[in-house]
Amino acid sequence: MSDVTQILSAIQGGDAQASDQLLALLYDELRRLAAEKLAQERPGHTLQATALVHEAYLRLMDREQPWNSRGHFFAAAAEAMRRILVEQARRRNAAKRGGQAVREELPDSGIAAPEPDEDVLALNEALEQLTAADPAAANLVRLRFFAGLTMTEAAEALGMSVRSAHDLWAYARSWLRRQMRPE
């Protein structure tokens, strides 16, 4: 049993100090994953990697369900980060926050903009549809896209072979692409 799994068991057993140990052990890895996700967001995003990690961690510590392994914990962390980013995108697009206002481009602006918040919302909607159609494929997408796990790590977390994970990943990407770009 790994250190992370032992600490997760201690947290579920009510050990108050175990959550501090878990955060200390995984903080750098969670922050790196959060930074990778935020790098894909639009420029000027107000959420920082540190804030994303802390918010996700708080949500993870509030839940009652026990974690079985390191992979299970990272799957939950990926889901928490995804929900936080989706909530942020929805807040940004809310009419009371000016989300419906038309933006005007500055002339000669050489800033390259990644995908806008609408794409995060479209991905979330497509991911919910994929969850209904194929939960294993949706879990793989969450682990790869939101948690930043490698194919080997994601396959291990889902309890499948790497080859099966590659096949499922190809299927999920194609399925999501069709849902997000129906033309």
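Trainee: How many salt bridges does a search of the whole structure find?
Mentor: Keep in mind that this is a predicted model. A salt bridge here needs a side-chain nitrogen of Lys or Arg within 4 Å of a carboxyl oxygen of Asp or Glu. Searching the whole structure with that in hand, the count comes to six.

Trainee: What is the N to O distance where the side chains of R163 and D167 meet?
Mentor: These two sit four residues apart in helix α8 (residues 162–180), so about one helical turn separates them. R163 is exposed at 56% relative accessible area, while D167 is partly exposed at 42%. Their side chains meet in a salt bridge, with N to O at 2.4 Å.

Trainee: Is E79 buried or exposed?
Mentor: E79 forms a salt bridge with R83, and the closest N and O atoms are 2.9 Å apart. R83 is partly exposed, at 47% relative accessible area. For E79 the figure is 15%, and under 20% counts as buried. So E79 is buried.

Trainee: Are α4 and α6 roughly parallel or roughly perpendicular to each other?
Mentor: Helix α4 (residues 70–93) packs against helix α6 (residues 135–146) with the axes 9 Å apart and at an angle of about 75 degrees. Angles of 65 to 115 degrees count as roughly perpendicular. The pair is therefore roughly perpendicular.

Trainee: Which residues of α6 make the contact?
Mentor: On the α4 side you have G71, F74, A75, A78, E79, M81 and R82. By class, the contact has six nonpolar, one polar and three charged residues. The α6 side supplies R142, L143 and F146.

Trainee: Which element gives the most to the largest nonpolar core?
Mentor: That core has 26 residues, and L22, L26, L30, L52, F73 and M81 have the most contacts inside it. Two or more residues come from each of α1 (3–12), α2 (18–39), α3 (49–62) and α4. With eight residues, the top contributor is α4.

Trainee: Which residues does L22 touch, leaving out those up to four places away in sequence?
Mentor: L22 is among the residues with the most contacts inside the largest core. Leaving out those sequence neighbours, its partners are V4, I7, L8, I11, Y57, M61 and F73.

Note on methods: Residues numbered from 1 in each chain as written. Predicted model: local features only at pLDDT ≥ 70, side-chain atom pairs only at ≥ 80, totals over all residues. Heavy atoms only, no water. Axes fitted to C-alpha atoms, helices over the stretch in contact; angles between N-to-C directions. Parallel < 35°, antiparallel > 145°, perpendicular 65-115°, else oblique. Contact = heavy atoms within 4.5 Å. Nonpolar A, V, L, I, M, F, W, Y, C, P; charged D, E, K, R; others polar. Core = buried A, V, L, I, M, F, W, Y, C linked by side-chain atoms within 4.5 Å. Buried < 20%, exposed > 50% of the residue type's maximum accessible area, 1.4 Å probe, protein only.
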